[in-house]
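Come along while I look things up, one entry at a time.

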Amino acid sequence: MKVLVVGGGSGGHITPAVAVVRELLEKKPRTKVEFWTDRKYYKNVVKITTEIGVRWGSHAQVGNRKVPYIRVRKICAGKFRRYAGWTWKDWLRNLPIVFKELIFGNIVGFFGFVGGMIQSFWRLILPSKRPDVVFLKGGFVGLPVGLVAKKLKIPYVVHESDMVPGLANRILMKNATVIATGWEGMKAEGNECVVHVGVPVAPEFKPVSEAQQKTLKKDFGFDPERSLVVVTGGSQGSQNIDEAMNQILPEMLKFTSVGLVAGRKYYEEVVDLKRYEEWDKAKLKSNFRMWEFNSAMHDLMGAADVVVSRAGATTIAELAALGKAVILVPFERLPGAHQLKNAEKLHDMGAVAMVTDERMRKNPNELLEAVRHLVRAPRERQDLAEKLHAEAKVDAAGRLAQILIDIDENKEKIAEEAKRKQEEEKQTRKLEKKTAKETRRVEKQATKETRQTEKRIAKEKKKATKAAKKK
């Protein structure tokens, strides 16, 4: 069995894809997996796949024993940048962003997309090089690959993590063999093959006992008897969260320990916060640590009593699997406002606390007070954690892996079904064309008859007028 996995653009598209690959190799160890990602995340994918115990090359061996392998390749891709909910004041205030990202960035994105189409077609044009099934984990990286797969009649599965599908997935969903969703009740226009599976997470994300939590705190250098708040904006970070932490951190440290994952993109902007991180002979003396990125996020968030995070679907799924009390800070201005909708649904269920990005920017103390409240309310923390954990779909990766296996085992049937569907669509278009032609003919005939009637009536009126004048 050959499977092509495509994911990138953000860590939220990579970690779930890798979780599915792990399950796939557990179920069918001889599966040949190829992972395509964008240039930016290539090293991340190589690192993650190396950590899960796979090797490289088509005949990787350890001694005389063959082991699973993954080939990771770069693929061109183009992101089309959009900003939702901007007023004219926002456009004027952010002119550098408008020119750099919305104008120049989208021009570059267009050429990246075209390059991805050409690259995908070139790699998949030979039948011997084609996978049995393609797994697209969403995002702009998968769009050119999915469009080429459709053209070459390769079955593909799309996974949508968020409440609101992104642009790339909306385009790809129509012709997907299966659409797997992270949220129940999502529908796709023009495709009924929708299956709710949840969001795949790595098996390391699981609840920890109180004793394990204290051990993890100690491993990271924190006081095991003191509460710990972990703040993260994701692998790239969040500029607004980092700026808020810059203002409220001194007050937070008065009542809790704090671990801040500032993110690769914005770390340098808040590196001055390192002054709060004090060490003495390899022992943390202060109650604060900051990282650019932490590869052991399952352990760091497992150590936390409260987690402050963005509202990306993958992060939410990981926190649900851990069973943590969470304060979500959704960024409202992303296309489709998907983070806000993710957070609002869970907040309405009583599974998370929420402070919107806009409120936090206007008044960082709102985030401070939300953290203070949860740190001092252990029963409420437990209630939030239990309700969020109830939403976890720990079998999501396994179910997705099985869907890929089922498609491979039934690819002949699927091909026949696709051919039948294509024939039906062809007949439907033919019928619609015939109906439209007949409608135009009838309308033309009706118009002709109407004109003839009008002429006849006008002629009769003219005769009547002449007769009246003679009398």
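**Entry 1: what pairing means.** Before I look at strands, I need one term: two strands pair if DSSP finds at least two bridges between them. I also note that this is a predicted model.

**Entry 2: strand E6 and its neighbours.** I looked up strand E1 (residues 2-6) and found that E1 pairs with E6 in the parallel sense, over 4 bridges. Which residue of E6 is the bridge partner of Val-6? I found Leu-136 there.

Next I turned to strand E7 (residues 156-160), which runs parallel to E6 and is joined to E6 by 3 bridges. In that pairing, Tyr-156 of E7 stands opposite Val-134. I then followed the chain from E6 to E7: the path goes through helix H5 (residues 142-151), and this β-α-β crossover is right-handed.

I also checked where the side chains of E6 (residues 133-136) go. Val-133 and Phe-135 point one way, while Val-134 and Leu-136 point the other way. Are these four buried or exposed? I noted all of them as buried.

**Entry 3: the whole protein.** I stepped back for the overall numbers. I counted 16 helices and 17 strands in the protein. Of the 471 residues, 45% are buried. The protein exposes about 25,900 Å², and carbon and sulfur atoms supply 53% of that area. For contacts with a separation of 6 or more, I read that 68% are between residues 24 or more positions apart.

**Entry 4: a nonpolar patch.** What forms the nonpolar patch I see on the surface? My list reads Ile-103, Ile-107, Phe-110, Phe-111, Val-114 and Ile-118, with about 580 Å² of accessible area together. Ile-118 counts as exposed because its relative accessibility is 57%, and exposed means over 50%.

**Entry 5: salt bridges.** A reminder to myself: side chains of opposite charge can pair when their charged atoms come close. How many salt bridges does the structure hold? I have 15 in my notes, and I looked at some of them.

I began with Arg-372 and Glu-251, whose side chains meet in a salt bridge at 3.9 Å, N to O. This pair links distant parts of the chain, with Arg-372 in helix H13 (residues 365-375) and Glu-251 in helix H8 (residues 239-252), 121 residues apart. Arg-372 is buried, with a relative accessible area of 15%, whereas Glu-251 is partly exposed at 28%.

Then I looked up Glu-277 and Lys-274, which form a salt bridge whose closest N and O atoms are 3.1 Å apart. I wrote down Glu-277 as buried because its relative accessibility is 14%, and Lys-274 as partly exposed because its value is 29%.

My last pair was Arg-441 and Glu-438, with a salt bridge of 2.6 Å, N to O. Both lie in helix H16 (residues 411-470), 3 residues apart, which is about one turn of the helix. Arg-441 has a relative accessible area of 47% and is partly exposed; Glu-438, at 39%, is partly exposed too.

One more note on salt bridges: those that share partners join Glu-251, Lys-254, Glu-369 and Arg-372 into one network.

How values were computed: Residues numbered from 1 in each chain as written. Predicted model: local features only at pLDDT ≥ 70, side-chain atom pairs only at ≥ 80, totals over all residues. Heavy atoms only, no water. Patch = residues over 30% accessible without salt bridge, like charges linked within 9 Å, V, L, I, M, F, W, Y side chains within 5 Å. Areas by Shrake-Rupley, 256 points an atom, 1.4 Å probe, with all protein chains shown as cover. Salt bridge = Lys/Arg side-chain N within 4 Å of Asp/Glu carboxyl O. Buried < 20%, exposed > 50% of the residue type's maximum accessible area, 1.4 Å probe, protein only. Helix = DSSP H or I, 4+ residues; strand = E, 2+ residues; numbered from the N terminus. Right-handed = clockwise from strand over helix to strand, strands pointing away. Contact = heavy atoms within 4.5 Å.
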